[in-house]
Amino acid sequence: MAHQTLVVLDFGSQVTQLIARRVRELGVYAEILPYHTSAEKLAARAPRAIILSGGPSSLYDEGAPRLDPDVLKLGVPVLGICYGLYLMVAGFGGQVERATHREYGPAALTVGRAEGPLKRLRAGDRLGVWMSHGDRVVSLPPGFHNLASSDNCEHAAVFDPERKLWGVQFHPEVTHTERGDEIIATFLDAAGFARDWSAARFVDEAVAAVQARVGTSGTVICALSGGVDSSVAALLVERAIGERLHCIFVDNGVLRKNEREEVERMFAGRLHNKLIVADARERFFAALQGVTDPELKRKRIGATFIEVFEEEAKKLGGADYLVQGTLYPDVIESVNLRGASVTIKTHHNVGGLPERMRMGVVEPLRELFKDEVRRLGLLVGLPEDMVWRHPFPGPGLAVRVLGEVTPARCDLLREADAIIIEEVRKAGLYRQLWQVFGVLLPVQSVGVMGDGRTYESALAIRAVTSTDAMTADWARLPYELLATMSARIINEVRGINRVCYDISSKPPATIEWE
Ligand SMILES: Nc1ncnc2c1ncn2[C@@H]1O[C@H](COP(=O)(O)OP(=O)(O)OP(=O)(O)O)[C@@H](O)[C@H]1O
Ligand SMILES: O=c1[nH]c(=O)c2[nH+]cn([C@@H]3O[C@H](COP(=O)(O)O)[C@@H](O)[C@H]3O)c2[nH]1
Ligand SMILES: NC(=O)CC[C@H](N)C(=O)O
Ligand SMILES: [Mg+2]
């Protein structure tokens, strides 16, 4: 493909993909490779520039990820962020040490020299940046200029014009850093990128890549949930191979109210082959019986999904490939993918297929974030209301019914959840929220209704704002709306007598409770 490329070497930061995504937003194709990629391999991809990500390790830890030193000698501009900065500085004889004051969160940067990454700023400017480090650079090798500092960090931005090495201690890739995108844009311009990348181009290349991957014969199935991810994936693959694609929707018993009917309606007439609806409710509840541990729930659900797909594939006379709408956040939080990040929770669809299935997996959106996928959705012709549906996790209500998942408890949650969504839509706030839903707690509390004593379940309302689910804040919903939701749930849903509002951000909490 004739587009220019930037390579991000991943040292295990939770936000590595944000770097790639910022770069793509600026019209440059970015690809992520593991930190141990050799200079030779890198050179074969002919990147015009390289970014070294941050990472959880300390440079002097045993087994800390290292960089092939020749990478810094390829002659293309390199930008090191945090851990990447340390590697660069240490690589040329500078010193990195454990800091006495760690910095996590916002910090004020003071610009000393407006060059390199800070070229678009002015000396003396103050900038709100986002930091996340426990180590710091204490001395720079010859050739490096110090450009900026913060209260707890002397070398917060550095530049070696000769060797084309750029380094920042703060994270320009996160939205909390002011003018972070300008800093990245300055780097891209210095590397001479023509900005030849776009979403339309992604569609063309993804279609071509699917064609090349699955060939000209054989059957392909798609796990279609009706969510924006798998819907976009399905439409992309259908563009590539037409009637060889069969989409399967699984009713796993832990769906939202009317979800199955809505998905059926949504895809009626939209696909070459009629949507296959697999009713697997009993099988899922059987697999979940007696299970309360969140990770075990997720694993059981993942395995059951696979069993169902396997059976449906058999009915079609076998399938060679399975299409999934996996996105990057599903991957980064689930597995130790390319480098050194930590497992937070096992997203149900990332576990990998059992050996016996012998189906290839096709995940055309694996590198993307939700809002990138939404833009693609509009481009491939999905209707607005579908593109803007809130994400709904594959394990569904099972990870929102804390404790054992039974049909009765799911019914309880489903009714309350429908009220929550209805009221949020009525208030005109649906589009502004990343997600809003109910969580049924494994807690009973005492109430008084109609002069009688009740001892029933408590429910939490969770509403968050976010742009990519990697970080999120609890939504400041109006009190009036909360009051309406609470009153309606307690009055209309028999079995719930108390409603709470979740006021935790991510991190340190996560969006889903399990
Ligand atoms: N009920 C289901 N039937 C078939 N496939 C499913 C179902 N639930 C999840 N999947 C598969 O698992 C993948 C991951 O689910 P996920 O919820 O992240 O994506 P989505 O449902 O496509 O989009 P969204 O995040 O907007 O809900 C889906 O893209 C789909 O391939
Ligand atoms: O397809 C999915 N399979 C899963 O197993 C899963 N778990 C969480 N989510 C969704 O991912 C986003 C981040 O969720 P957390 O902050 O709870 O990790 C939120 O949008 C969650 O709804 C999932 N999606
Ligand atoms: N964000 C980072 O790259 C952190 C690097 C290193 N773990 C530190 O604490 O300084
Ligand atoms: Mg979903």
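Select His171 to begin: leaving out residues up to four places away in sequence, His171 touches Val15, Gly54, Ile81, Cys82, Trp130, Ser132 and Thr177. Touching, or being in contact, here means that the C-beta atoms of two residues, placed from the backbone, lie within 7 Å.

Before moving on, a word about the model. It is predicted, so local features need pLDDT of at least 70 and side-chain atom pairs count only at pLDDT 80 or more, while totals for chains, interfaces and linings use all residues. Residues are numbered from 1 along each chain as its sequence is written, while chains are lettered from A and ligands numbered from 1 in the order in which they are written.

**Stop 1: the annotated active site**

Stay at His171, in the loop between strand E9 (165–168) and helix H4 (180–190). Helices (H or I, at least four residues) and strands (E, at least two) are DSSP runs, numbered from the N terminus. Is His171 buried or exposed? His171 is buried, because 23 other C-beta atoms lie within 10 Å. The cut-offs, with C-beta atoms placed from the backbone, are 20 or more other C-beta atoms within 10 Å of a residue's own for buried, 12 or fewer for exposed, and anything in between for partly exposed.

The UniProt annotation "active site", from an unreviewed entry, covers Cys82, His171 and Glu173. These residues are spread over 92 residues of sequence, yet they cluster in space, with a largest C-alpha distance of 11.5 Å. UniProt positions follow the numbering used here, feature names are shortened, and annotations may be inferred rather than shown by experiment.

Center on Cys82, in the loop between strand E4 (78–81) and helix H3 (83–91). Cys82 counts as buried because it has 24 C-beta neighbours inside 10 Å. Beyond its neighbours within four places in sequence, Cys82 is in contact with Gly54, Ser132, His133, Gln169 and His171.

**Stop 2: ligand 3**

Cys82 also leads you to ligand 3, whose surroundings include Cys82, Gly54, Ser132 and His133. A residue is near a molecule if its C-beta atom, placed from the backbone, lies within 6 Å of it. Strand E6 (residues 126–139) gives the largest share of this shell, four residues. Color by residue type and you will find three nonpolar, eight polar and one charged. In this scheme Ala, Val, Leu, Ile, Met, Phe, Trp, Tyr, Cys and Pro count as nonpolar, Asp, Glu, Lys and Arg as charged, and the others, Gly among them, as polar.

**Stop 3: the domains**

Zoom out and color three ranges: domain 1 (5–190), domain 2 (199–387) and domain 3 (406–501). These bounds come from an automatic or database domain assignment. The C-alpha centres of domain 1 and domain 2 lie 35 Å apart.

**Stop 4: ligand 1**

Next, select ligand 1. Which residues come nearest to ligand 1? Of the 18 residues around ligand 1, they are Ala223, Gly227, Asp229, Ser230 and Gly325. Helix H6 (228–241) and strand E11 (245–251) each supply at least two residues of the shell, and H6 gives the most, with three. The shell divides into eight nonpolar, eight polar and two charged residues.

UniProt also places a "binding site" (unreviewed entry) at Ser225, Gly226, Gly227, Val228, Asp229, Ser230 and Ser231. Pick out Ser230 in helix H6. Ser230 is buried because 22 C-beta neighbours lie inside 10 Å. Setting aside neighbours within four places in sequence, Ser230 is in contact with Cys222, Ala223, Leu224, Ser225, Gln324 and Gly325.

Ser231 is found in helix H6 too. With 26 C-beta neighbours inside 10 Å, Ser231 counts as buried. Neighbours within four places in sequence aside, Ser231 is in contact with Leu224, Gly226, Gly377, Leu382 and Met386.

**Stop 5: helix H13**

For the last stop, select residues 407–426, helix H13. Finish on Gly428, which follows H13 and has a positive phi, near 75 degrees.

Methods:
The expected span of a helix is 1.5 Å times one less than its number of residues.
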